[in-house]
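I opened the model today to look up its side-chain contacts.

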Amino acid sequence: MKNLKTRLILISLLIGLPLQMCSPTDDCNCQPIDGEYFNINNIEVQQLKKVGENAYGFLSENEIVQFENYHGLNLSYSVNYIACSSRKNSRFSFGYSAYACTCVNNGDRGSKTEKLNNLTVITLNDFDELHQANDTINDLIFVENESLMNYLINDTLNIRFEYLNLMLDRKPSLDENFKAKIIVELSTGEVYENESVSISIQ
C-alpha cells in the first residue's frame, strides 16, 4: 500500500510539472527586456541625504545638510543593456507550485565584461589639514562597511550593480563646503570621471 501511494505521488508530480513550467505562451507575465547584462558608457555622481527610515534623496547645489543626515556620494553607472534573452526563469520548488517562475530585469546579471580596476575620489575643497583641495580622499571613504582601499583589493568580480555608495568617515573640518570628483577605471581600459554638486556639511 505504501509503495502504491509513493507511485501515485510520483505520477502526479510527473504529470503536473510540465503544466506548471513557464512556456512561450505563459512567461509569468514578464515584460520584454533589452538585456540581462549591461555595458557601462559613463558615470554620474550625486550627493545623498536621509529623508526617512531607509529612504534617501539627492542633495541640490549649495544645499545644507547635517553630517548625521548625510548619506555619502552615490556613483551611478550610465549603461546600455545587452545580451537580450527570455525573461522567464523556472526554479524547482516543493511549495504551492512545483515550479516558481521569476522575472529577470534589465541588467540583473551585472556587467558582462567590466571589472572595477580603480576608483579615485578627489575633494575639490580643503577638507582637513591632510586633505587639501584636489587631494585624493580614498582613505576617508568606506564602501559596504569596509574601506575603499580594501574594497578595491577584494572586489575581483565583474561589476554587479549599476550604482555604488561611497560613505565619508568624517565631516570636513577646514571648509564645510564639499564637492568631489570621482574617476573610474575599468578593466576594459575605459576611464570615466564626473563631479558632484557642491553642498555644505555641518
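Entry 1: I began with Asp128, which is buried at a relative accessible area of 9% (buried means under 20% relative accessible area, exposed over 50%, partly exposed in between, with a 1.4 Å probe and protein chains only). I was working on a predicted model, where local features need pLDDT of at least 70, side-chain atom pairs count only at pLDDT 80 or more, and totals for chains, interfaces and linings use all residues. Residues are numbered from 1 along each chain as its sequence is written, and side-chain values use heavy atoms, with hydrogens and water left out.

I found Asp128 in a salt bridge with Arg170, at 3.9 Å from N to O (a salt bridge is a side-chain nitrogen of Lys or Arg within 4 Å of a carboxyl oxygen of Asp or Glu). Asp128 sits in the loop between β7 and β8 and Arg170 in the loop between β10 and β11, so the pair ties together parts 42 residues apart in sequence. Strands (E, at least two residues) and helices (H or I, at least four) are DSSP runs, numbered from the N terminus. Arg170 is partly exposed, at 37%.

**Entry 2: other salt bridges.** I noted a count of seven salt bridges. One of them joins Lys49 to Glu63, with the closest N and O atoms 2.6 Å apart. Lys49 belongs to β1 and Glu63 to the loop between β2 and β3, so this pair ties parts that are 14 residues apart in sequence. Lys49 is partly exposed at 21%, and Glu63 is partly exposed at 21%. I also logged Asp155 with Arg160, 3.2 Å from N to O. Here Asp155 is buried at 14%, while Arg160 is partly exposed at 34%. Shared partners join Asp128, Asp169 and Arg170 into one salt-bridge network.

**Entry 3: aromatic pairs.** How many aromatic pairs does the structure hold? I found two (ring centres of Phe, Tyr or the six-membered ring of Trp within 6.5 Å; planes under 30 degrees apart are stacked, over 60 edge-to-face, the rest tilted). Phe127 and Phe178 are edge-to-face, 5.9 Å centre to centre with 75° between the planes. This pair links distant parts of the chain, since Phe127 is in the loop between β7 and β8 and Phe178 is in β11, 51 residues apart. Phe127 is buried at 1% and Phe178 at 0%. Phe161 and Tyr163 make a tilted pair, at 6.1 Å and 35°; Phe161 is partly exposed at 46%.

**Entry 4: the core.** Of its 34 residues, Leu116, Leu119, Val121, Phe178 and Ile182 touch the most other members. The largest share, five residues, comes from β4. Val121 touches residues including Leu73, Ile141, Leu148, Leu166 and Ile182, not counting those up to four places away in sequence (contact means heavy atoms within 4.5 Å).

Entry 5: Tyr37 has Ile82 in β4 as its bridge partner, and Lys112 lies over the face of Tyr37, 5.2 Å from the ring centre (NZ of Lys or CZ of Arg within 6 Å of the centre and within 35 degrees of the ring normal). β1 and β2 form a hairpin with two residues between them, and Asn54 in the turn has a positive phi of about 60°.

Notes: Core = buried A, V, L, I, M, F, W, Y, C linked by side-chain atoms within 4.5 Å. Pairing = 2+ DSSP bridges.
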